[in-house]
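Reader: I would like to go through this structure with you, beginning with the terms. Could you set out what you count as a contact before we turn to particular residues?

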Amino acid sequence: MAHPTPAPDLARRAADDIELAVALTEYQKIIEMRRAVSDQAHNRYNFFLVIATAVAAVSAGLVGSNIDPEVRIGAVAALAALMLLMGPAVFLRQLRFTGTSHRYGLAEQALRSYLVRRAPQVAPYVLLPTLDDPGLFLPTATGGRQRQREAVGLAASIGLVNSALLAAGGGLALSALDIDGWALVLLDVALFAAAAAVHLWWVSRTVRRDAAERERLLAARALDVLDLFPPVVPPSPSPEPDPALAEAAEVAKA
């Protein structure tokens, strides 16, 4: 008696194993890259804080010292130029780190959606978001909560430090022009507020632009269409036979 060959089943299983292996490998790689970006962002942030603190301390020491005024002014001006060049560069770089981390998060979310679609029985236990389910960590709504989240990020924190340094430098420049008292305080506060507002506006603008780019990517890949990962619909239970019809069938057979 000839037995049917199981080759198609083995081939299908091998293909499924290859697809799953590729997806898991890519998922792990994305996690590693996202962690590396996070480490780079925090290292750059800590480095900037160290430099900014050192510049502020050295500038304060120079201002209160008894060295030659021209040397003192030249040294403070050099340190101020350093921060004026370094501060915006680190700020913009931090925004790029944030955008890259969000894109890796989207890639991780897409692969997680694929894995959950392959094994729908584990979907209730996956609390991280997928393209089909926001999961336990709901996305922050637009408006006040979104602005609050942007204001406490690393890029916004660097922007506030830049604003404080700019206001301090502006205060020194205004004091050299014989402006003192409440006028100096008000001008210093206004300078800090204007610089902070510009930094926060730029953060918000960049976040909105990155979000729009991610939406366009999803649309281009058709990843927002649920048909890409068709859900497994359990078979509907067969209807119970009607007793009256069954009795009529038995009578007809008799």
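Author: Contact means heavy atoms within 4.5 Å. This is a predicted model, in which local features need pLDDT of at least 70 and side-chain atom pairs count only at pLDDT 80 or more, while totals for chains, interfaces and linings use all residues. Residues are numbered from 1 along each chain as its sequence is written, and side-chain values use heavy atoms, with hydrogens and water left out.

Reader: Which residues is Glu108 in contact with, leaving aside neighbours within four places in sequence?

Author: With those neighbours left aside, Glu108 is in contact with Tyr27, Ile30, Ile31 and Arg34. Glu108 itself lies in helix 2; helices (H or I, at least four residues) and strands (E, at least two) are DSSP runs, numbered from the N terminus.

Reader: Is Glu108 buried or exposed?

Author: Glu108 is buried, with a relative accessible area of 9%. Buried means under 20% relative accessible area, exposed over 50%, and partly exposed in between, using a 1.4 Å probe and protein chains only.

Reader: What salt bridge joins Arg34 and its partner?

Author: The side chain of Arg34 meets that of Glu108 in a salt bridge, at 3.2 Å from N to O. Arg34 lies in helix 1 (residues 7-63) and Glu108 in helix 2 (residues 69-118), so the pair ties together parts that are 74 residues apart in sequence. The term salt bridge stands for a side-chain nitrogen of Lys or Arg within 4 Å of a carboxyl oxygen of Asp or Glu. Arg34 counts as partly exposed, at 30% relative accessibility.

Reader: And with which other residue does Glu108 form a salt bridge?

Author: Glu108 also forms a salt bridge with Arg112, where the closest N and O atoms are 2.7 Å apart. Glu108 and Arg112 are separated by about one helical turn, because they are four residues apart in helix 2. Both Glu108 and Arg112 are buried.

Reader: How many salt bridges does the structure hold?

Author: The structure holds four salt bridges. One of them is formed by Asp132 with Arg117, the closest N and O atoms being 2.8 Å apart. That pair links distant parts of the chain, 15 residues apart: Asp132 is in the loop between helix 2 and helix 3 (144-151), and Arg117 is in helix 2. Asp132 is partly exposed, with a relative accessible area of 35%, whereas Arg117 counts as buried at 19% relative accessibility.

Reader: Let us change topic to aromatics. How many aromatic pairs are there?

Author: The count comes to one aromatic pair. Trp201 and Trp202 form that pair, which is edge-to-face, at 5.7 Å centre to centre and 65° between the planes. The rule is that rings of Phe, Tyr and Trp (its six-membered ring) pair if their centres lie within 6.5 Å, with planes under 30 degrees apart counted as stacked, over 60 as edge-to-face and the rest as tilted.

Reader: How accessible are the two rings' residues, and what sits over the ring of Trp202?

Author: Trp201 is partly exposed, with a relative accessible area of 48%, and Trp202 is partly exposed as well, at 32%. The charged end of Arg205 sits over the ring of Trp202, 4.6 Å from its centre. For this, NZ of Lys or CZ of Arg has to be within 6 Å of the ring centre and within 35 degrees of the ring normal.

Reader: What about Arg96?

Author: Arg96 is in helix 2 and is exposed, with a relative accessible area of 58%. The C-alpha atoms of Arg96 and Asp210 are separated by 9.7 Å, and these residues are 114 residues apart along the chain.

Reader: Finally, what are the overall figures?

Author: The protein has six helices and zero strands. Of its 254 residues, 24% count as buried. Among contacts between residues at least 6 apart in sequence, 72% join residues at least 24 apart. The accessible surface comes to about 17,300 Å², of which 66% belongs to carbon and sulfur atoms; such areas come from the Shrake-Rupley method with a 1.4 Å probe, and for residues only the protein chains shown count as cover.
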